[in-house]
Amino acid sequence: MITTSAKRIGALAIAATVLVAACGGSSSSPAASAASAASAASAAAATSAPSAAAAASGAAPSGVAGPATCVDGSITTSGSTALQPLIDAAGKAYTAACPKSTISVQGGGSGTGLTQVLQGAVQIGDSDVTAESKLQASDASQLVDHVTTKQGWVVVTNTGVAGVTSLTSQQLQDMWACPSGQSAPKITNWKDVGGPDLPIVLILRPASSGTRATFKQVVLNGQTECSGQALTEDSNGAVTAAVSQTPGSISVIGFAYYQANKDKVAAISLDGVAGSVANMASGTYKLAAQGHMYTKGQPTGLTKSFLDYMMSDPIQKTLIPSLFYAPVQ
Amino acid sequence: MVIAAVVLLLGFIVWRGVQLFVVSGVPVTQILSPTWQPDPLSEGTTYGLLPFIAGTLAVMAVAAIVSTPLSVGLALFMAEVAPTWARRIAQPAMEVFVGIPSVVYGWLGLTILVPFLRVHFGWLGFTTGFSWLAGSLVLALMILPTITSISYDAFVAVPADMRSASLALGTTRWQAIRHVVLPTAAAGVATAIVFGLTRAAGEALAVQMVIGNSPIIPTSLARPVTTLTSQITLDMSDATGTWNEALWTMGLVLLLISLAFVLLIRWLGRGRSRA
């Protein structure tokens, strides 16, 4: 078919418009800067990333004091997407006070962060889990652990699961874990735990995720999940979307994601304790884990200065609670 | 230069893909096991890739079955029946179709198709909507423009003399299409379908969003399944050690599937040039 060049350009223009619109609509990265948080907030149909909540509560750098002393230089951190909003905000607060320093904060996942810091590709590797659980002992021993925060997860259900507001660890084990030799868990209907007559739909995170590893260790006592019947979604955002629209579904999401999507999913207390920053900080809420920032050998220069800043009052007392993490100081 | 890059890339994927067997000592036959249990925190790891290979092929096959009649029919309509003005609209529309990023298809599938299947076909077993069928339907839509535009080219390439000769013998237009145009363009249409399948095999994001990602052998269109690409993207950020090597092996398997399709396309292409 003969198409004139004018028509081709027209088609290109339409395609470009569609592309731009698509990119705008899919902006839901947790690491979104304040500028793109506005567009994430405007995508009302999508689940909101914590960055939207962070922007609303006046996150860094405006409300958070900078470090006591500046060290010039340029560093990169990568790893856990669960820790990324916090480290990104802290990095922005640091560089706002110290314009000669550059701190680049990337995601990629805990495994990526640990591998990259070990290779020397980045100065700090962020992880939800310990290096020992991900790397070989000889590699893990080269890394120095800096625990800078604590993060928590909330068990959430679809809002249609009425009458269930609290579950015990035992009930969760019966819902999630396969007894040996069985392909289905003991409890498969909400009516067995005081809810409506509705099948339970488990939504898991990928087996490699820190969220799933923590849940498995803390709540399931290391028992294997019944993954054959369950759905698997790979991010807090995808899990939130799936839980909000699938009747009878249950999953686990990070505190900040729950706070940003309170109206779309229902929170479940764990052993009678509500998932809140205060309960996590006091240690009574157990579905929580330390946030690790690993360096290869002892940190120096800007890396050390930034890690010291992570432990200082502006971050521990102001920034961390505002983003729904718990302080360790 | 380009050839060197391709060879390097292939070499790298093969090299990383065989680490699972060479370095970690996992027997090659184990990847044909139906059990995927890569988590070193649980007891006994098994790197069975069969659920992913079967899932990839199953999702692809149904996508092609759904998409082929629609897209070949559309191409035939555009090439043989449609008036010029309709072609002038349809061709750019197809080009726009190709330009839509896969995340948009996935998002549409997640927000429209998955709830639709759950609400209206729950009685057929679509308890969650996330299913083999949802993945295949999203893929069918995505490969529709690919199959349509390549088959269109094949139909247009049929010499007008052949049509005229057929009509001159007193056939109807449909008989001319059925007995002259379709057989002549058959190899081209087959190439189009294989191109579509190749795109389907490699698609990760859109499928992952609607398929549910359960590592089981596909048995029902209504049940969640998983694919090679989907599992690689799920685990690549956090998997380390042997687990990570298993993901590279999945990449290698995917490469072999794609290579098989490329060879198929070459073979079909040879058949066409002879004809």
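Which backbone nitrogen does the side chain of A:Asn158 reach? I looked that up first: the side chain of A:Asn158 gets to the backbone nitrogen of A:Gly160, at 2.9 Å.

**Ground rules**

I am working with a predicted model, where local features need pLDDT of at least 70, side-chain atom pairs count only at pLDDT 80 or more, and totals for chains, interfaces and linings use all residues. Residues are numbered from 1 along each chain as its sequence is written, chains are lettered from A and ligands numbered from 1 in the order in which they are written, and side-chain values use heavy atoms, with hydrogens and water left out.

**Entry 1: A:Asn158**

I found A:Asn158 in strand E4 of chain A, residues 143–158. My note on names: helices (H or I, at least four residues) and strands (E, at least two) are DSSP runs, numbered from the N terminus.

I then checked the cover. A:Asn158 has a relative accessible area of 8%, so I wrote it down as buried. The cut-offs I use are under 20% relative accessible area for buried, over 50% for exposed, and partly exposed in between (1.4 Å probe, protein chains only).

I also found a polar atom of the A:Asn158 side chain 3.1 Å from the backbone oxygen of A:Ser244. Next I listed contacts (heavy atoms within 4.5 Å). Leaving aside neighbours within four places in sequence, A:Asn158 touches several residues, including A:Val243, A:Gln245, A:Pro247 and A:Ala266.

**Entry 2: the strand around A:Asn158**

I stepped back to E4(A) and saw that 13 of its 16 residues are buried. I looked for its partners next; two strands pair if DSSP finds at least two bridges between them.

- E4(A) runs antiparallel to E10(A), with 9 bridges joining them. In that pairing A:His146 has A:Met293 as its bridge partner.
- E4(A) also pairs with strand E8 of chain A (residues 249–254), antiparallel, over 5 bridges.
- I noted A:Ala267 in E9(A) standing opposite A:Val156.

A reminder to myself: in a regular strand the side chains alternate between the two faces of the sheet.

**Entry 3: A:Gly297**

I went on to A:Gly297, in the loop between strand E10 (288–296) and helix H13 (301–310) of chain A. Buried or partly exposed? A:Gly297 is partly exposed, because its relative accessible area is 26%.

I compared sequence and space for A:Gly297 and A:Ser141: they are 156 residues apart in sequence, and 9.2 Å apart C-alpha to C-alpha. Apart from neighbours within four places in sequence, A:Gly297 is in contact with A:Gln142 and A:Val144.

**Entry 4: where chain A meets chain B**

I counted 40 residues from chain A and 41 residues from chain B in the contact. The area buried between the two chains is about 3100 Å², and carbon and sulfur atoms give 59% of that. Buried area here is the accessible area (1.4 Å probe) that two parts lose on being put together, summed over both.

I found 7 residue pairs in polar contact between chain A and chain B, both residues at pLDDT 80 or more. A polar contact is a pair of N or O atoms within 3.5 Å; within protein, one must be able to donate a hydrogen and the other to accept it, and residues adjacent in sequence count only if both atoms are side-chain atoms.

Among the elements that give two or more residues to the chain A side are helix H1 (5–25) and helix H5 (110–119). H1(A) gives the most, with 7 residues.

**Entry 5: salt bridges**

How many salt bridges are there over all chains? I got 9 from a search of the whole structure, but 0 between chain A and chain B. The rule is a side-chain nitrogen of Lys or Arg within 4 Å of a carboxyl oxygen of Asp or Glu.

I looked at B:Arg163 and B:Glu80, which meet at 2.8 Å, N to O. The pair links distant parts of the chain, with B:Arg163 in helix H7 (residues 160–168) and B:Glu80 in helix H3 (residues 50–81) of chain B, 83 residues apart. Both B:Arg163 and B:Glu80 are buried.

For A:Asp271 and A:Lys286 the closest N and O atoms are 3.3 Å apart. I put A:Asp271 down as partly exposed, at 38% relative accessible area, and A:Lys286 as partly exposed too, at 36%.

Last, I noted that A:Arg212, A:Lys216 and A:Glu225 are linked in a network of salt bridges.
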